[in-house]
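Subject: A structure for you to look at

Hi there,

Here is the structure I promised to pass on. Have a look at it first, and then read my notes below.

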Amino acid sequence: DVFTFFAAQGAFVTVDFFSPTDSSGYPGLMPRIDLLRPNNTQVSTVNACTNTRLDNIPVDATGTWSVRVRENPNWAGCGYGAIEALRTGVYTLAVCLSNTPPVPIEYGEPILSSFASDCFTVNYSFTGSVGDVVSALYVGPTTTRRIRMFDPSGVEIGVSGTGVTVGIFDEVLAANGTYRLSAEALNDSVVGSFGIGLSELDDVVPIAFNTPLNTTIGQLAEVDLYSFSATAGSFVTVDYSTPTTVSGYPDHFARMDLIRPDGTIAVTNAACGNFRFDNVAVNQTGSWTVRVRTHEGWNGCGYGAIIALTTGAYTLSVCPSDGASIPIAYWQTVAGAFAADCQTSNFSFIGSVGDVVSALYVGPTTARRIRMFDPAGVEIGASGQGLTVGIFDEVLTANGTYRIAAEALNDSVVGSFGIGLSELDEVVPIAFNTPLNTTISQLAEVDLYSFSATAGSF
């Protein structure tokens, strides 16, 4: 069998052969495939005992090319024996240009596409500038062999692996001009729809500290970018949560990246539910970026390959772990409130050597913990988790400003609380046999009383 197609010099072509397995488990046909130029000289050939292809062959002459399909002359040596039925059979042949006309795509605008055959390549073009930091994301349900990125001169500058969700991330463009992005179908796979998205690292939305942002991944291959300013030496927590659907599974499975001002990734993680980057050390001053996209393993999270899992609602919060402190003094109780479940509320007090200090946290909001830090920033005490927790009888070893940090509990309801500070020597004398009527009038209030006693008494 001979088939023809027209191709122009400079293109690339893939020729794909598929023959179904018969009821006995044999290939329908074991082929020899020849690809011939317009002058009938042979460009490429293959003898195969099963499905095969001639992959990405450069077209070096303009005109009518030919594909010749016949039986493999070595068919009897394919391991099935000299069965005459193997010399004939049905097959499917597909010829696919690797550089079909590109579809324009812009930063931040995902596009839905589809593969018509398993040798199909879909091309996209975008305008890039020197210094742009560009990422491309492919999301199925159709599996791709790979996606590739080419600069204006046609040189490949990035390539992904194979999968249902793959990407090319943080490519720094070195030239101004038109770039090409290609998505390739996977050989011998089911073809169908997919989404492709393109993002640029500076195309961000500012996000406020301690302010949950409710939003969605609304399209296949959407990438959401958020920015915040941070100073080297500080700490930050980034929290991602997604609601549970009426069907009982999380609405969206995400990968999240925390990116430094210089474009390097500080932390990355993908999860099949809620997760956070906890108390990450900020080691560069400037604008940091949070990137949210679909988890590349979304179809392996235990809920099946439900396409609805590739989009969905989520809440993102960014919380500085050592933000501005609220002054608190011995015997003072301060009311506080958490606005986000990653928030840390800080309180500062002046302490002296030998002070015996206690801090008490009282809800109704549950705390992850409270922590106490000395003037050098070293943690000297920590509580457990609860509605009412404390750090008790810490003996201070330096003069200076101390810090107490109250941390909200992940995935909990946020709201109000009280924090109280006491020092063991600041007491009220209480007389023997004299009832004292008083009150605990504020959340986290601590009252201290003293009396003198002699050893041996009761």
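Strand β13, which covers residues 163-172, contains D170. This is a predicted model, and in it D170 shows a positive phi of about 60 degrees even though this residue is not a glycine. N433 also has a positive phi of about 60 degrees, and N433 is not a glycine either. You will find N433 in the loop between β33 (428-429) and β34 (449-450). Is N433 buried or exposed? Its relative accessibility is 80%, so N433 counts as exposed, the cut-off being over 50%.

Now to the cysteines. In case the term is new to you, a disulfide is a covalent bond between the sulfur atoms of two cysteines. How many disulfides are there in this model? The count is four. If you number the bonded cysteines in sequence order, they pair as 1-2, 3-4, 5-6, 7-8. Here are three of these bonds.

C49 and C78 are joined by a disulfide, with an S to S distance of 2.0 Å. The torsion about their S-S bond is about -70 degrees, so this disulfide is left-handed. C49 sits in the loop between β4 (42-47) and β5 (52-58), while C78 sits in the loop between β6 (63-71) and β7 (92-97), so the bond ties together parts that are 29 residues apart in sequence. C49 is partly exposed, at 30% relative accessible area, whereas C78 is buried, at 15%.

Another disulfide links C96 and C119, whose sulfur atoms are 2.0 Å apart. C96 belongs to strand β7 and C119 to the loop between β9 (111-114) and β10 (121-128), so the pair connects parts 23 residues apart in sequence. C96 is buried, with a relative accessible area of 5%, and C119 is buried too, at 3%.

Finally, take a look at C272 and C301, a disulfide with an S to S distance of 2.0 Å. Its S-S torsion is about -70 degrees, so the bond between C272 and C301 is left-handed. This pair links distant parts of the chain, 29 residues apart: C272 is in the loop between β21 (265-271) and β22 (275-281), and C301 is in the loop between β23 (286-294) and β24 (312-320). C272 is partly exposed, at 35% relative accessible area, but C301 is buried, at 14%.

Enjoy exploring!

Best wishes

Key. Residues are numbered from 1 along each chain as its sequence is written. This is a predicted model: local features need pLDDT of at least 70, side-chain atom pairs count only at pLDDT 80 or more; totals for chains, interfaces and linings use all residues. Side-chain values use heavy atoms; hydrogens and water are left out. Helices (H or I, at least four residues) and strands (E, at least two) are DSSP runs, numbered from the N terminus. Buried means under 20% relative accessible area, exposed over 50%, partly exposed in between (1.4 Å probe, protein chains only). A disulfide is a pair of cysteine sulfur atoms within 2.5 Å.
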